[in-house]
Amino acid sequence: MNNSLKDYVLFPLGIRCNSASIIKNDFNNTKESYPFSWIDIQLKNMLSFLSVPHDQITQYLTIYFKSFDKKTLRSSVDDTWFPHDFKEKKEPITAKYLRRFKRMYSLFDSGNDILFLTTIAHFKSDQHNLFEKIKSTVCNQVKGKCFFLTVNLYNFDSTDKNHINFYVPISDTWADYDKIIAEKIKLLL
């Protein structure tokens, strides 16, 4: 595989918390949280967020979080789940996510090469086209190289020029699932 992947910045690109958890716990990368780090979001919703022009993100997030349901921790707009955002209730959610988006834009503009990790719990045949649009949208924003590592985008392992997919059936626990994924990633780096 590409030996230079070890030099890429690891970036959790949802759609579950597993991506951020693996990067944090198995690769000792606890520096920053990004917009898709600790949420449960559908690919179509992620594409909507990524498609917002940078200069309009404040307005978009302000409107988006106005109808947030604090009881279910879900967006009333698109049902995205934010399970970690109200444990301490220290700050408004809009401000938190605005910082995370600005942090993401700064990384994208930095010229760093980025390895995007997306973990999907269960393979669904309709996800491929949406993920291809996400890849295209992200690559158009990142000034460095992009590499994508997905889990369960397909129900088989696959590799192409800038994308590897692992098929990993759900384990008995999320910790076991994360461990299997981390071990596969370590073989690449």
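Student: Which helices each supply at least two residues of the lining of the second largest pocket?

Tutor: Please note at the outset that this is a predicted model. Rolling a probe the size of a water molecule over the atoms shows where empty space is left. In this model, α2 (43-50) and α5 (127-141) each supply at least two residues of the lining of the second largest pocket. With three residues, α2 provides the largest share of that lining.

Student: What volume does the second largest pocket have, and which residues lie nearest its centre?

Tutor: Its volume is about 360 Å³. The lining of the second largest pocket comprises 18 residues, and Ile15, Ile41, Gln42, Lys124 and Gln127 are the ones nearest the centre. By class, the lining of this pocket divides into seven charged, six nonpolar and five polar residues.

Student: How many cavities of 30 Å³ or more does the structure hold?

Tutor: The structure holds one. The largest cavity contains about 40 Å³ of space.

Student: Which residues line the largest cavity, and how do they divide by class?

Tutor: The lining consists of Pro35, Phe36, Ile39, Phe49, Phe65, Phe82, Tyr97 and Phe101. Eight residues of this lining are nonpolar, with no polar and no charged residues. Phe65, Tyr97 and Phe101 belong to this lining and also take part in the contact of α3 with α4.

Student: Which residues meet in the contact of α3 with α4?

Tutor: From α3 come Ile57, Thr58, Leu61, Thr62 and Phe65, which meet Ile93, Thr94, Tyr97, Leu98, Phe101 and Tyr105 of α4. The residues of this contact include eight nonpolar and three polar, with no charged residue.

Student: Where does asparagine 162 lie, and is this residue buried or exposed?

Tutor: Asparagine 162 is found in the loop between β6 (158-160) and β7 (163-166). To classify a residue, one compares its relative accessible area with a cut-off: buried means under 20%. Asparagine 162 has a relative accessible area of 17%, and is therefore buried.

Student: Which residues does asparagine 162 touch, not counting residues up to four places away in sequence?

Tutor: With those sequence neighbours left out, asparagine 162 touches Lys135, Cys139, Cys146, Phe147 and Phe148.

Methods: Residues numbered from 1 in each chain as written. Predicted model: local features only at pLDDT ≥ 70, side-chain atom pairs only at ≥ 80, totals over all residues. Heavy atoms only, no water. Contact = heavy atoms within 4.5 Å. Helix = DSSP H or I, 4+ residues; strand = E, 2+ residues; numbered from the N terminus. Nonpolar A, V, L, I, M, F, W, Y, C, P; charged D, E, K, R; others polar. 1 Å grid on protein atoms, 1.4 Å probe; cavity = no way out; pocket = protein on both sides within 12 Å on 5 of 7 lines; lining within 4 Å. Points joined across faces, edges and corners; volume = space filled by probe spheres on them. Buried < 20%, exposed > 50% of the residue type's maximum accessible area, 1.4 Å probe, protein only.
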